[in-house]
Every structure is written in structure tokens, then in C-alpha cells.
Amino acid sequence: MTTSIFDTRRYKYPQNFLEMKPKLARLEQAIKKLETNLIDANDQANTKLLTQRLDSHLGLKVDYASELNPDQLMAATTIEGKVLVIAGAGSGKTKTLTYRTSYLLENGVSPKEILLLTFTRKAANEIKDRAKSLLASSLSNQELSDDALAEDKLPTDKALNNITSGTFHSFCNMLLRQYSGLLGINPRFTILDTGDSEDAIDLVHKEKKYPTQTKTQAFPRKKTLQNIISTSRNRRIPIRDLIESSYPDIAVHIPIIEQLAIDFHEYKRANHLYDFDDIISQVVRHLKTNDTFRQRLQNTYRYVMVDEYQDTNIPQKQLIDLICEPDSVSLMVVGDDNQSIYAFRGANYENILLFGETYPNAKLIKLEQNYRSTPSVLNYINALSAQITLGYQKQLYSDAPIAGDKPIFRRLSDETKEASYITDKIVALKPEYDYNDFAVLCRTSFQSNYVQLEFMARNIPFIVVGGIKFIERRHIKDVLAFVKVLYNPNDTIAWHRILTLFKGVGAVTATRLTQAITADNNAFESLLAASFAKKSDQLKPLYHTLTKAQQAETVETAIEHILEFYIPVLKLIEDNWRERSEDFRVLKNLATEHTSLDSFLENLALDPPNDSVAVMESSDDGQSNDKVTISTIHSAKGLEWPVVFVNSLVDGITPHHRSLDDFEALEEERKLFYVACSRAKTQLYLTAPNYFSSYSGYFDMASRFIAELSADEVTVETVKSPIKKNDDPIWW
């Protein structure tokens with residue numbers, strides 16, 4: 001009999017568990033039904049099936065059987081029907097998707113028939129590039145012409161580029177522009193990123209002159225409004241219901257917010273603006289109502305693969321279902337229900353659990369062999385998995401000959417001591433590892449503050465993953481606003497951003513001037529009107545800048561014209577303008593990759609540069625990439641490190657106190673901790689201060705995610721306190 005580390009009776013259970021029971025019963029039924037369609041590659045009949053598949057294609061260039069484990073091989077070679085692949089952490093899902101892509105091509109599937117949807121363009125490109133390398137290396141370094149390749153039925157690199165791949169947003173953006181004539185829409189629309197959407201909502205709010213507060217409650221800020229409107233759309237929850245359940249303090253403003261959402265949508269349509277939610281929802285709407293459009297996509301994309309399916313929201317699922325509706329369309333979705341951690345972005349964990357309900361004849365394949373973590377770390381991860389209430393049964397295992405060390409849990413007297421403990425461990429382990437082999441993962445970014453201070457005091461170099469994204473930096477957004485009005489002069493949000501840079505031009509004048517530009521067939525000449533010119537002496541130079549940039553032969557040249565005008569403006573509004581100007585080199589380098597303004601803007605909006613920010617440089621003047629990573633758990637998903645520290649494991653912080661009364665929210669917090677722990681390869685350290693105090697409350701119990709597990713799965717480093725209660729030591 002195993003015992004828990006702590007007495008778990010003090011932890012309260014979510015209040016809404018009973019009302020969740022009908023929903024949980026439906027999900028459990030769907031899971032059990034699909035489990036009956038499990039394809040176990042080690043089953044004798046299925047082993048024979050795999051052999052027959054490979055023997056029937058003796059001309060295959062890639063030795064799939066020797067490169068993949070049996071379950072990966074089953075997933076890679078099952079290319080008909082609907083299939084869900086549950087890929088446990090570190091089980092090689094990218095490798096499996098790569099080999100499946102290769103197998104499809106070797107079986108004569110045209111690259112144009114393949115659709116690969118991922119959550120980052122990098123992931124899609126990695127799968128395609130690895131498939132190219134795989135097929136190329138299979139030729140045993142023979143020098144063959146393109147004609148020989150064609151005779152050998154192996155596609156050329158050029159043909160492989162005909163695979164449609166990318167994010168949901170980039171795919172839908174391509175469809176809206178490519179089929180604009182069929183859909184009856186203007187193809188020259190601008191994409192609003194999240195910040196732009198916030199600004200547009202704020203602009204509509206001011207133009208409509210809605211009240212900014214009541215006697216008792218201020219009107220919510222634009223960031224909150226954007227999040228409410230976006231969440232309502234992605235989760236298909238009425239704004240009223242969403243506010244009453246998640247934002248009760250602003251319920252008094254519900255009627256205005258509901259109308260604001262309508263006005264915001266109409267504003268976007270009138271000015272050819274699409275936000276991230278529009279891009280997918282518009283394609284879904286046309287798929288439902290335009291038979292020609294739907295049939296064309298169904299006939300084009302015969303083999304569909306979706307990565308990270310657990311992160312899809314309702315519109316993304318609808319998109320997949322509408323394209324893959326015919327039985328003749330092959331669909332494989334890959335994901336891990338234990339890693340559903342993006343509800344705050346609108347992701348719906350039910351999508352992966354109800355896959356069998358959506359597709360009653362679907363098959364299930366599980367990838368459970370882990371290639372990342374030591375057996376001792378895996379034992380702990382499996383124990384965490386067992387605590388997740390609902391999901392597909394899975395037991396990760398490793399063939400590694402050495403078990404390795406158990407995860408270590410340690411409580412410290414306060415956050416300062418916790419940071420010191422983490423730093424001491426890194427210093428002690430440094431002879432065995434590089435700095436970039438370490439990661440400190442936090443539930444929220446502020447929990448790394450003490451760690452950062454300690455690292456700086458001890459001269460340990462680190463980077464913080466997160467912070468302000470490149471695309472969201474004020475000066476970058478300013479320059480991009482100039483580019484946007486060159487492409488779409490109807491972009492009122494970009495005009496407002498540009499015009500309000502100038503002294504003497506306020507929101508009212510900016511609105512009037514924008515209206516004049518759009519009324520005059522989007523002519524820049526309105527900037528020269530006497531009634532406006534007297535407001536600012538910058539308007540005439542602005543006109544000449546835009547005119548020159550509009551005539552530029554390359555995107556890079558257009559940006560250079562813009563920067564000649566903008567940098568003197570930046571000097572007047574930012575004292576660190578020199579430091580900010582360094583980012584413009586990155587912007588110009590990105591511009592060289594594009595031949596048109598629209599492709600440049602699309603790629604920046606849909607696949608912006610990464611958001612890692614170097615906070616502390618090492619003594620080598622920052623030239624080394626050898627730095628400890630400090631990251632939120634969300635930003636660490638998909639990554640791995642030999643040594644991982646997870647800090648602030650106090651109940652009320654991890655899990656967050658706002659989740660404690662909500663069953664689904666608490667389950668997601670549990671999965672978030674699972675994701676954090678499964679990033680570790682060889683060593684996992686779990687730390688907690690004895691207490692955490694803030695305006696939200698005083699928390700002093702160890703995280704329930706630690707407490708509820710067996711003491712056999714973790715080593716508890718302890719220091720006995722002289723104070724005892726009921727003969728039990730207090731662990732410091």
C-alpha cells in the first residue's frame with residue numbers, strides 16, 4: 001500500500017463537480033467507444049497486417065519497419081479512413097508525421113492532395129523538410145535527374161512544395177484570397193493582430209460614444225473586451241453567459257458590450273479588416289453555405305493531417321469536419337489529451353475526447369514509447385497522468401537501461417530561499433551540463449522574479465521566454481501601420497496609429513482625416529488639405545513619404561523610405577530610440593524574403609518572429625547562446641531540457657486559486673503541471689516556498705498535484721523543524 005506525501009483531506013473539491021457529471025458521462029462514453037477500435041500494433045493480426053502492407057509495396061525506398069517502432073509504423077502506414085493518434089509526451093509524433101508524409105508520397109499520392117495543419121509554420125516546415133531529406137537519403141546518394149526521380153515515382157523538391165501546409169490561420173487566409181471571386185469578397189483585406197483588434201474595439205467604443213463607467217463600475221479595458229469577444233466566438237458561448245460566469249464584476253455593462261461586439265464586426269467588414277477569428281470563421285461560413293467551394297476543397301485535399309489536435313477550438317474543428325466529411329477523405333489527427341492547456345485561447349479539450357462520436361468508424365492508435373525521459377521521471381509522469389479524471393488510457397514506457405534519479409521535491413522557507421536552492425543546484429550540476437541544459441518553468445511569469453534576481457547576483461546567464469513579442473513592440477507596430485495603409489488605404493486602425501503620432505493631431509482630427517481619405521477613393525492627397533495641414537507640419541512630409549514608398553520596387557525599399565520619415569518622429573517620443581532602432585534591421589531582413597506587401601504583412605501577422613528576450617547577458621558580452629531558460633509552462637510546451645525546475649508549487653498558485661472551484665479549470669491546471677514535468681529528460685526538481693502571500697490571499701499548503709501522489713514516486717528532501725504538530729514534522 002502506498003501513501004501520499006501529505007494529508008490530502010484539507011484540499012477542497014470543485015463545487016461544480018456534480019453538475020459536470022452528465023457532460024463527463026458523455027465524454028467517457030465516447031472515449032470507451034473509440035478505445036474498442038484501438039489498433040494495437042503488437043497484436044498478432046495487426047503485425048501480420050503491417051507485414052502485408054510493406055510487402056505489397058516492395059518498391060518502397062524508405063525502410064519504414066526499421067526506422068519506426070510498431071505503433072509509429074502502424075500510424076505512418078494507416079492512410080485510409082479517419083484515425084486518432086494519441087501521442088504521449090516524447091513519443092516521436094513529429095517523426096511519425098514525417099514518415100507518414102513520405103509513405104503517402106511513395107504510394108503515389110500527389111503532393112497537391114495532402115493538407116498538413118499545425119499550430120506553427122515552423123512545425124509544418126520541419127515535417128516537410130524532414131520528409132524531403134528522408135526520401136533523398138533513401139536514394140543511397142545516387143545522382144539522379146528529375147526525370148529519373150519521376151520514373152522512380154519519387155517527387156522532386158519542387159513537387160514536395162505543392163503539399164499545402166501551415167497553420168489554420170495561414171491556410172484559411174490563403175483560401176479567402178485564392179477563392180475571393182467565388183466567395184464574393186475583396187481579396188485586399190488587412191489582418192488585425194490581437195493588439196490591432198484591441199485598438200479597433202477602443203476606436204469603435206469612442207466613436208459610438210458609449211459610456212465609460214457607471215456609478216459603481218468602470219467600463220472594461222480594450223484588452224478585456226477583445227478577450228471576451230474572441231472567447232465568445234471561439235467557444236460558441238453567448239457574451240452574456242460568458243461575462244456572467246467569468247467576468248461577473250462587469251455584468252452591469254453586458255448590453256453595451258453585446259452591442260459593441262456587433263458594431264466591431266460591422267466596422268471590420270466596412271473597412272476590409274479581418275481579425276484572427278474572422279479568418280477561420282469566414283471560411284467555415286462559406287464551407288457551410290457554398291456547395292461549390294466545399295466540394296472543391298473536398299476534391300482537392302484527399303489526405304488531411306492535423307497536429308496538436310487537443311489544442312483546436314470549435315471553428316477549427318468545424319473546418320476540419322467540413323473538409324473531411326466524405327468517407328473518401330483520409331483524416332489523421334495527432335495529439336495528447338493530457339496536454340490540453342489552452343482553454344484561455346479558446347481551445348476546446350472536448351474535440352479530442354469526442355473524436356469517436358464525430359467519426360463513429362474511426363480507429364485509435366497510441367504512441368506510448370517515450371524517447372525523452374528516464375524511467376524514473378516517466379514513473380512520476382505516469383502517476384500524474386493517472387490523476388487526470390478523464391482521458392484515453394496510456395502508460396508511457398522507456399527502453400532506457402538506466403532508471404535514473406527520481407524527481408526531487410523540496411520546500412523552502414520563502415521565495416528567496418527557493419531561488420537560492422535552484423541556483424545552488426544549477427551551480428552544483430554545471431560541470432556535467434551546459435547552461436542551456438537547464439530550464440526553470442513557472443505557472444505565471446512573475447513567479448520567476450526572485451530566480452532572475454538570484455541568477456543576476458550569481459552571474460548566471462539566462463533568457464526569459466515570453467515578454468513583449470517582436471510584432472507587438474510599439475515602434476514595430478508603428479512602422480507596420482505605414483506598410484498597411486500602402487496595401488489597404490481603408491485600414492482605419494493603421495491610419496489612426498500613424499496620425500496620432502504627431503503633435504496637434506488627436507483622436508478627433510485623426511478620425512476626420514481618415515474619413516476624408518477613404519471618402520476620396522483612398523487618395524493620400526487629403527493629407528495636403530489646408531484644413532488638416534494647419535494641425536501638424538508632419539502631414540505634408542507624410543504624404544511624400546507614402547507616395548515614394550508606394551512607388552518602391554521592393555518591400556525593403558518601401559520600409560527604408562518609411563524609416564527615413566519615422567526615425568526622427570521616434571526620437572521625439574522615445575528616449576531609448578537608438579536601442580529600439582536595432583529592431584528595424586530585423587524588420588528589413590524579413591522584408592527581403594518577400595516580393596509583395598501582402599505576403600510580408602501576412603507572414604508577420606500569422607507567423608511572427610519568436611518572442612524570446614535575452615534579459616541577462618553573460619560575461620562574454622552576450623555572444624554565447626549558453627543560457628539557462630526561464631519560461632512559463634505554456635511557452636515551454638513542445639520543448640525539452642535535461643534538467644527542469646518547476647517552482648512555486650503552493651496550492652493557490654499551482655493550481656491557480658481561481659481554478660479551485662471549477663472542475664474543468666482545475667483539470668487543465670493539472671494538465672499544465674503534467675506538461676511541465678514531462679519536459680524533463682534526466683532530472684526533475686519540484687520546489688515550493690512554505691507560504692505565498694498576495695492580495696489574493698495567503699497560501700501555505702503544498703500543491704495538491706504534489707500531495708496526492710504516492711511517496712514512492714518522488715524523493716522528498718527534508719529538513720526537520722523542531723516544531724511538531726501531532727507528532728508529524730513540518731517539512732521546510
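Reader: Why are α23 and α28 called oblique to each other?

Author: In this predicted model, local features need pLDDT of at least 70, side-chain atom pairs count only at pLDDT 80 or more, and totals for chains, interfaces and linings use all residues. Residues are numbered from 1 along each chain as its sequence is written, and side-chain values use heavy atoms, with hydrogens and water left out. Helix α23 (residues 474-487) and helix α28 (residues 555-573) pack at about 140 degrees, their axes 10 Å apart. Angles under 35 degrees count as roughly parallel, over 145 as roughly antiparallel, 65 to 115 as roughly perpendicular and the rest as oblique; α23 and α28 are therefore oblique.

Reader: What makes up the contact of α23 with α28?

Author: Contact means heavy atoms within 4.5 Å. Residues of α23 including Phe 482 and Leu 486 meet residues of α28, among them Ile 559 and Tyr 566. By class, this contact has eleven nonpolar, one polar and two charged residues (Ala, Val, Leu, Ile, Met, Phe, Trp, Tyr, Cys and Pro count as nonpolar, Asp, Glu, Lys and Arg as charged, and the others, Gly among them, as polar).

Reader: Why is Asp 337 called buried?

Author: Buried means under 20% relative accessible area, exposed over 50%, and partly exposed in between, with a 1.4 Å probe and protein chains only. The value for Asp 337 is 1%, so Asp 337 is buried.

Reader: Which residues is Asp 337 in contact with, beyond its neighbours within four places in sequence?

Author: Among them are Ile 86, Gln 310, Tyr 392 and Lys 671. The backbone nitrogen of Tyr 392 lies 3.1 Å from a polar atom of the Asp 337 side chain.

Note on methods:
A polar contact is a pair of N or O atoms within 3.5 Å; within protein, one must be able to donate a hydrogen and the other to accept it, and residues adjacent in sequence count only if both atoms are side-chain atoms. Axes are lines fitted to C-alpha atoms, for helices over the stretch in contact, and angles run from 0 to 180 degrees between N-to-C directions. Helices (H or I, at least four residues) and strands (E, at least two) are DSSP runs, numbered from the N terminus.
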